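Student: I would like to learn how to read salt bridges and sheets in a model. Can we start with the charged pairs?

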Amino acid sequence: MLDKTLNIRGTLTSLAMPLVMGILNITPDSFYAGSRKQTETAIEDRIREILSEGGDWIDIGGYSSRPDAAEVTPEEEMRRLEFALHILNEHYPDIPVSVDTFRAGIARRCVEEYGVAIINDISGGELDADMFQTVADLKVPYIMMHMRGTPQTMQRHTDYSDMMEEIMLYFSRKVRQLRLLGVNDIILDPGFGFSKTLEQNYQLMSHLKEFSIFELPLLVGVSRKSMIYKLLGGTPADSLNGTTVLNTYALLNGANILRVHDVRAAVEAVRLVNELTRQLTVDK
C-alpha cells in the first residue's frame, strides 16, 4: 500500500515515518499543569523545546478540553490563540501549526489571518455545524476526533451498546460528508479519554489496527492522560513512562501521528519502532 501523505501548505508531507505533534497549551486549566504556558517567555521556551527535541508540528489550544473544563467564550479563546500565534509567526513562520478548536469562526481566522496549517477538532464537527464547510473552504488538513457530548458532559456519555461499531460508523459517515464537500486531507483521532471509561480506552487501544480500513492517517493522543495514571496510580506528572509504552504500542498498530507533551520521548519511540519494523521487513 502507498504511504499516506498530507498536503501541508501546498507541500506533500509523507507519513512513511510517523510524525510527532508537540502540545502548546495556552490555557490556565489544562489537566497537566506542567504544560500550561501563558507568558511570552514561557511560550517561546516551549516552542524552542518542541523543535529542539524533534517535533514536526505544534498543536496550540486555547480551550481546555479536560473533563468538566470551564466554558471559554469565543472571544477569550481567540485572544489566547492570537497571543501565541503572533509569537510563532514572528519567530517560527515555517513550522506547521495546528489549532485545537471546535469553532468554525476561530478556525477560519487562524488560517486566514495567521497562516495556521491544520485544524484539530475534538468534536468532529458536532459542536459547530459550519466546521465541515469551513475546512472545505480553507483547504487545510482536518483532524477529526470521536467524542460524545461536550468537554463538560462527555464523561456522562459512555453507555455504548458496541463502542467500536459506533466509532467506526461515526467516522464512516463523517468521512463521506467531508469527501462530498471536497476535503482531501482527513486525519482520524479515536478520542482517547473523551466519553470513554478507563476500560473502554484500553478496548479502543486494542482495536487500533481496525482503523486501517479507512486508509487515512491515524493520530493517537494519550499523553499523560487519566487512562494511564488511574490504572497505575499517581498523577499526570508521573505518567511519562506509561505514555511511552502506549505510544509504542500505538506505533506498532498503525498510528501515524503522536500528539504529546514529551516530544523527545515520542521521537525516540518513533525512531526505535521504525528501525524495528525495518529490520523485520529486511528479515522477510
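Tutor: This is a predicted model. Begin with E275 and R278: their side chains meet in a salt bridge (2.9 Å, N to O). Both residues lie in helix 9 (residues 263-283), three residues apart, about one turn of the helix. E275 is partly exposed at 34% relative accessible area, and R278 is partly exposed at 41%.

Student: What is the general idea behind such pairs?

Tutor: Side chains of opposite charge can pair when their charged atoms come close. The structure holds 17 salt bridges. Among them is R46 with E49, at 2.7 Å, N to O. These two sit three residues apart in helix 1, separated by about one helical turn.

Student: Are R46 and E49 buried or partly exposed?

Tutor: R46 counts as buried, at 6% relative accessibility. E49 is partly exposed, at 34%.

Student: Which parts does the pair of E166 and R148 tie together?

Tutor: E166 forms a salt bridge with R148, the closest N and O atoms being 2.8 Å apart. E166 lies in helix 5 (residues 163-180) and R148 in the loop between strand 7 (142-145) and helix 5, so the pair ties together parts 18 residues apart in sequence.

Student: Now the sheet. How do strands pair?

Tutor: Strands of a sheet pair through backbone hydrogen bonds, either parallel or antiparallel. Here eight strands form an open sheet, ordered 8-7-6-5-4-3-10-9, with parallel pairing. Strand 8 (186-189) and strand 9 (219-220) stand at the edges with a single partner strand each, so one side of each lacks a neighbour in the sheet.

Student: Where does helix 1 lie?

Tutor: Helix 1 (residues 40-52) lies across strand 3 (19-25), strand 4 and strand 10 (257-260), at about 170° to strand 3.

Note on methods
Residues are numbered from 1 along each chain as its sequence is written. This is a predicted model: local features need pLDDT of at least 70, side-chain atom pairs count only at pLDDT 80 or more; totals for chains, interfaces and linings use all residues. Side-chain values use heavy atoms; hydrogens and water are left out. Two strands pair if DSSP finds at least two bridges between them. Helices (H or I, at least four residues) and strands (E, at least two) are DSSP runs, numbered from the N terminus. Contact means heavy atoms within 4.5 Å. Axes are lines fitted to C-alpha atoms, for helices over the stretch in contact, and angles run from 0 to 180 degrees between N-to-C directions. A salt bridge is a side-chain nitrogen of Lys or Arg within 4 Å of a carboxyl oxygen of Asp or Glu. Buried means under 20% relative accessible area, exposed over 50%, partly exposed in between (1.4 Å probe, protein chains only).
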